[in-house]
Amino acid sequence: MGIEKMSQLTVEGPLGKLDNALLLCCESRMFQMTEFSNAAAPQNLSQENPYEMPYNEMKNMAASLNITPQLKAYDSISIESPEEFEKYCNDTVGELAKLKEEYDEIAEALDEHRRTDSNLKHLLSLDVSFHELFNMRYVKAQIGKLPSVNMQKLDYYENKGLHFIPFEQDGEYTWGVYLAPKNDAAFADTVMNSLFFEATVLPDYLNADAAESDAVLEKIISDEEQLKTLLKQKLDDFTANHKEEFLAVFSKLKHLYECFELRKNALISNDRFTFTGYCPTKSCTKLTEKLLTIGDVTATEVPLKGKAATADVPVKLKNNVIFRPFEMFVKMYGLPEYGTFDPTPYVAVTYMLMFGIMFGDVGQGLAISLLGLIMSRISKNGLFPIMTRIGLFSAAFGVLYGSVFGIETIIEPFFHRENIWRALGYTEQPHNIFQVATVLLIAALCIGIVLIVISMTFNTVLNFRRRKWGEALFSVNGVCGLVFYIALVAGVAGMFLFGIELFSPLYIIAFIALPLVLIFFKHPLSDLISGTKHGEKISIGNFIIENFIDLFEAALSFLSNTMSFLRIGGFILSHAGMMLVVAQLAGTNVPGAEITVGTVITYIIGNLIVMGVEGLLVGIQILRLEFYEIFNRFYSGNGKSFRPVEITFE
Amino acid sequence: MSFSSNSVIAKARAIYGRSLKADDYARLCAKGSVAEAAAFLRQTDRYADVLSDINPQTIHRGRLEALIRRSTFDIFERFHKFDHSDSRVFFKYIIMELEAEQILTALESVAGGSADRYVAELPTFLLEHAETDLLALAKAENYMEFAHLIEDTPYHKILRPLLVDAQQTGRINIVECERRLYTFYYLSALRTADRTYKGSDRQTLRRSLLKSIDMENVVSCCRMKMFGTAPEKIKVSLLPFRYRLREDTIDRLIQLNDTEKIQAELEKYGYRISGNPELQSVEQLAETISMEHLRRTLRLSRNSAAVYYSLIECLKIEQRNVKTAIEGIRYGLSSSDILSMLVI
């Protein structure tokens with residue numbers, strides 16, 4: 001578990017074998033290539049990619065044929081050179097283009113006729129033939145549509161020989177014909193144009209009246225539709241016949257195209273190439289062996305030790321099947337740096353535990369788990385496997401709380417056991433969880449304190465390992481912070497819970513004041529230990545103000561971070577409260593209540609709402625606790641993710 | 001602050017949130033034709049509703065611009081129905097400003113002898129709200145007929161002397177008509193601000209109105225200078241309200257020719273713009289200065305009237321931007337050239 005060990009792999013060989021070596025690296029999916037740096041090398045291969053043109057053509061072709069590109073085996077494809085690929089494209093495209101052209105032409109004509117027909121439909125009340133209408137000797141007529149709002153403006157033109165006869169109103173437009181004396185036709189056109197009249201132009205063959213013309217047009221449309229369907233069938237047949245071959249050729253071209261792109265990262269000297277990259281150590285041997293089979297190609301592996309590694313080393317997380325889904329949360333915050341510590345198992349354990357505590361219900365937990373299990377088979381969404389795991393914890397805590405879909409009479413809750421409620425300090429048995437609210441809130445605080453202490457311990461240990469003595473010893477999240485926090489918590493807990501007065505003068509000086517003073521002087525003390533000088537010089541006044549504010553903020557953050565964990569207890573109560581509301585709505589909150597169909601339906605709907613709303617809220621709140629209260633204390637998330645070179649259409 | 005005020009502020013900000021952003025303008029200006037521009041605008045949240053019925057391929061540029069103008073008006077008409085306080089008061093002024101604009105165009109039509117263009121461009125949405133029968137104005141054949149047609153409106157009193165004079169001389173003083181109409185508009189708005197609001201609310205609103213007047217005066221001043229108007233005449237032709245730009249400043253602005261120098265002069269009076277944009281004209285400078293103030297008011301002010309007024313002005317600037325972009329596309333200007341003319 002943790003971070004995968006990486007090696008640096010340097011591959012060398014004759015220039016002619018470069019593409020083979022790159023192809024092998026891509027196929028291995030285990031090699032991240034280091035990008036070429038100008039300063040480092042004498043020469044690199046940044047030529048124009050000769051496969052680009054056929055590649056783009058095939059991409060367009062795939063789109064025209066509605067083929068989703070996917071990688072296929074291409075061993076049977078003998079095409080190699082860019083020219084051969086272009087020839088393949090031209091031959092196939094030639095045939096396709098002809099079919100497509102025919103199809104597009106008919107589709108365009110059909111669209112045009114449909115548009116004309118839809119315009120014609122608005123003019124059906126016109127019982128004069130279009131031939132007569134458009135060929136009057138003294139009057140110009142034009143059919144079309146006018147924005148309805150401009151109808152009122154037509155009054156102004158009434159005395160100017162312009163008449164508009166409306167036929168039909170359709171939304172924003174009024175359909176009709178305008179008439180004007182032929183001598184004033186230009187004026188009428190200008191006016192109607194300025195009123196945004198959109199003229200309908202009819203084809204010459206539509207010279208009968210509107211109804212008859214409509215019938216003619218409908219016949220034409222019907223014929224064109226049939227032809228379009230026929231051509232579509234031909235296109236589909238063409239696609240079906242060529243799909244497999246096309247995908248194989250495209251896959252090969254894709255490999256060659258991508259490999260050529262990667263050539264830019266190789267360094268060339270004396271007709272020999274070199275490229276470097278990172279590979280998980282465990283896969284290095286396998287990749288090296290494969291590379292050796294090319295002949296004349298050598299691969300040199302240099303394992304990267306954590307402390308010696310540079311910040312550029314990519315990180316690949318390695319966790320077991322239970323914790324792996326929680327890597328998503330760690331990646332969301334930022335990956336750990338190479339050679340440091342992967343917090344995924346810690347996140348997984350704390351997340352599952354807190355979810356179980358906050359959302360404890362046997363029925364709902366199992367339902368969430370089952371839903372997660374089913375959905376993770378269907379979808380790749382990373383939340384579903386997490387749901388499977390947290391649901392089980394929810395069910396486990398549900399057993400403790402005695403809650404099954406909000407019904408608390410099936411299993412006996414833990415606080416109903418006499419030895420437990422007596423141990424918790426109650427003189428009589430609490431009837432419901434609200435009566436043990438104080439205990440729950442104190443327990444929530446205890447969980448928070450434990451998690452904060454663990455996080456600070458992580459930080460201290462990590463800094464000791466990195467030899468950052470100052471940080472490890474004198475920082476707020478180092479030894480001093482730990483001593484201060486534990487001493488304060490112990491003192492307060494002793495005073496309020498156990499009646500023990502720990503705050504003696506010696507205790508305060510040794511465990512509270514001294515750590516604070518050491519934190520205040522962290523920078524000079526760190527410099528003293530490491531023997532280096534800290535950054536810029538600052539005046540004593542500034543030093544006091546800066547460090548005092550830092551210290552004040554740190555003290556406040558201890559308080560606010562601890563209090564933040566109260567939400568764990570809060571959500572237990574909120575969950576119980578919501579289920580109580582469901583019980584009240586269902587009418588089962590009184591002894592001897594009758595179970596009806598309505599009760600069952602109310603319970604089902606109530607449980608679904610609680611699972612949906614509260615489940616989501618609890619999930620988000622825990623993530624907030626993880627990121628703000630826990631990660632903040634020990635984790636920076638500055639690592640870079642491992643991105644192996646691979647060829648994919650995605 | 002009342003619930004209604006809060007809701008006006010929230011609604012105004014929500015509407016402003018849907019207005020076009022710099023990225024939208026960049027994409028609009030990159031379009032190759034008016035049809036493409038119309039299709040793009042139809043996809044934006046801001047214009048999707050008003051352009052839903054159009055066919056981008058066949059729409060006339062003028063129709064597109066009219067619909068864009070209408071969409072801005074629709075916003076305030078809806079506001080007017082939704083709110084019964086500030087927007088009611090200011091809706092009157094939106095109408096008043098549009099009405100003044102149309103009266104001026106109608107007067108120009110009388111002078112030109114044909115009202116065809118006036119009728120064609122008259123926004124029909126205004127007809128039911130305006131105090132004047134705007135369509136009837138198209139029928140006026142002389143200035144006295146025009147005076148008669150506006151007899152029952154407040155504009156009669158302020159325009160009558162000029163119309164009588166024009167009837168006698170045959171020439172209408174359009175600049176003076178414009179000055180009188182806009183003076184009446186701003187005076188009414190300022191009086192309403194004084195009557196309706198108190199304390200800091202009144203001050204904030206007055207400040208917004210007076211800043212707009214200052215910028216109007218800067219633009220008028222430079223425009224008249226460009227047309228060779230004498231400095232004395234320029235001064236009396238400006239709106240008779242002064243906020244930060246006093247008489248001596250106006251004198252200095254009249255002497256300046258360069259947009260950069262005018263910008264430097266305005267900066268002395270707190271009219272600054274952030275960044276260092278290359279401005280093409282004084283109009284663009286004035287609108288950019290206004291825009292910064294309006295945006296700030298929209299974002300930060302708790303005064304609903306000032307926020308509402310800022311929204312009106314911001315949307316007016318957006319409307320002009322879209323119009324400029326469409327014209328630029330129509331004339332085949334490059335997207336960078338069009339963008340440089342916009343107020344973003």
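Author: F405(A) sits in the loop that runs between helix 11 (383–401) and helix 12 of chain A; helices (H or I, at least four residues) and strands (E, at least two) are DSSP runs, numbered from the N terminus. The model is predicted, so local features need pLDDT of at least 70 and side-chain atom pairs count only at pLDDT 80 or more, while totals for chains, interfaces and linings use all residues. Residues are numbered from 1 along each chain as its sequence is written, and chains are lettered from A and ligands numbered from 1 in the order in which they are written.

The phi of F405(A) is near 50°, a positive value in a residue other than glycine. Most residues other than glycine have a negative phi. F405(A) is buried because 20 other C-beta atoms lie within 10 Å; the class of buried takes 20 or more other C-beta atoms within 10 Å of the residue's own, exposed takes 12 or fewer, and partly exposed is in between, with C-beta atoms placed from the backbone.

Confidence in this region deserves a remark. For chain A the mean pLDDT is 85, and 95% of its residues reach 70 or more.

R29(A) also has a positive phi in a residue other than glycine, near 55°. This residue belongs to the loop between helix 1 (18–28) and strand 3 (32–33) of chain A. R29(A) counts as partly exposed because it has 13 C-beta neighbours inside 10 Å.

T276(A) belongs to strand 9 (residues 272–280) of chain A. With 20 other C-beta atoms within 10 Å, T276(A) is buried. Leaving aside residues up to four places away in sequence, T276(A) touches Q8(A), L9(A), T10(A) and T34(A); two residues are in contact if their C-beta atoms, placed from the backbone, lie within 7 Å. From T276(A) to A299(A) the C-alpha to C-alpha distance is 9.2 Å, across 23 residues of sequence.

As for the whole chain, chain A has 20 helices and 13 strands, and buried residues make up 31% of its 650 residues. Of the contacts in chain A between residues at least 6 apart in sequence, 78% join residues at least 24 apart.

Definitions and conventions. pLDDT = per-residue confidence, 0-100.
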